[in-house]
Amino acid sequence: MPLPFGLKAPSKNTLIFSAIAGAISGTIYSSNKYAEDSRKRLVERVSFLAERPCGVHEMPRKVIVYITAPPGDGLEKSRVWFREYVKPILVAGAVDYEVKEAKTAGQIESSVIEEVVKHRREAEAALEEQKQSSEDIKQSSGTNPFSSPEIGSLTKEKKADVEADGILAIGRCAYREVLSGLSKGCDASLAVVEETPVEEVKTESNKEEMEDNAPVEEKNEIMTDLPKEDEVDHFSLPPKFVPVMYIPHVNVIGWTNLPYRLYMWYADYKRIEDVGKYVVAAVLNQTRPFEERDADLGQDEKKYWIGHETAELIKENDTPIVVDERIVDKLSTYTSDDLP
């Protein structure tokens, strides 16, 4: 039966091309639609926090996000992971964030140690100031019975900056360095190391003149057994530890994993939901005490630490994450009904 208006039946090649193009277009559309719906459901769970009125003296919450390059890949992968799966939920929940990137191993650990030592110094200084103020109050109260001890304390108050009340570590490597930094930060010395100025180098002629004219002095040095820095126990706890949350970062790479990568590209909504439930728990600010099972997380990431000698070396040397027993009962993490 001929087609109306002089139309001709499409050829076999046209039908094949149309079917393939339609299948690809439908796959892309459905993948984007499912991802948008999943992200929308997560945003709706935390959006009420952004809609509620903020008090006059209330500041928005702030978290610190630590990211580092996954083994065998670049730092850009971690940046994209944060932008796609973590940042939208933080923004929806009106939670401020500060991203700290580590380009080399150990930078996150050093940063966490510095923060812990800083809080320990502030606590020690506050304790000393409190002792000094109590002594001043006793002295002033003895001399002037009409003096008010509260006026001095009010004038010395300083406006505190907005500090982070949570830590998000993206990936097992960043999570390991954060926990290690918390442990080592409590053991670090509080002494401030002062840098000695470098003296100007003198010329050889001036050196020879000074050596010829300088009087010879005999010095009798007495060697005493002083305690080494490593033998001195500097352990102390800061006033408090902020909650620490592990954010999964399964970076699938490798030619052998190409079929799975294509599948996860289509089913990106599953990744959004799996990662998003951790971020939602952090935004809702529901915490629980840190447990032993919360330390050694991210074992499923090690499967894809391939493709480079450094990645293989990190995988071989990767040991279970252990937290210092002296601080375990002081730590906390975020929780929700969706998390294990």
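Student: Why is Tyr34 called partly exposed?

Tutor: In this predicted model, Tyr34 has a relative accessible area of 41%. Buried means under 20% and exposed means over 50%, with partly exposed in between, so at 41% Tyr34 is partly exposed.

Student: And what makes Tyr269 count as partly exposed?

Tutor: Tyr269 comes in at 21% relative accessibility. Buried would need under 20%, so Tyr269 counts as partly exposed.

Student: How do you know that Tyr246 is buried?

Tutor: Its relative accessible area is 5%, and the cut-off for buried is under 20%. Therefore Tyr246 is buried.

Student: What about Tyr278, buried or exposed?

Tutor: Tyr278 has 17%. That is under 20%, so Tyr278 is buried.

Student: Why is the pair of Tyr246 and Tyr278 called edge-to-face?

Tutor: Their ring centres are 6.5 Å apart and their planes stand at 85 degrees. Pairing takes centres within 6.5 Å, and planes over 60 degrees apart count as edge-to-face, so this pair gets that name.

Student: Which parts does that pair tie together?

Tutor: Tyr246 lies in strand E4 and Tyr278 in helix H8, so the pair joins parts 32 residues apart in sequence. Ring pairs also bring in Tyr175, linking Tyr175, Tyr246 and Tyr278 into a cluster.

Student: What makes Arg326 a charge over the ring of Phe235?

Tutor: The charged end of Arg326 is 4.0 Å from the centre of the Phe235 ring. The distance limit is 6 Å, and the charge must also be within 35 degrees of the ring normal. Arg326 does sit over that ring.

Note on methods
Residues are numbered from 1 along each chain as its sequence is written. This is a predicted model: local features need pLDDT of at least 70, side-chain atom pairs count only at pLDDT 80 or more; totals for chains, interfaces and linings use all residues. Side-chain values use heavy atoms; hydrogens and water are left out. Buried means under 20% relative accessible area, exposed over 50%, partly exposed in between (1.4 Å probe, protein chains only). Rings of Phe, Tyr and Trp (its six-membered ring) pair if their centres lie within 6.5 Å; planes under 30 degrees apart count as stacked, over 60 as edge-to-face and the rest as tilted. Helices (H or I, at least four residues) and strands (E, at least two) are DSSP runs, numbered from the N terminus.
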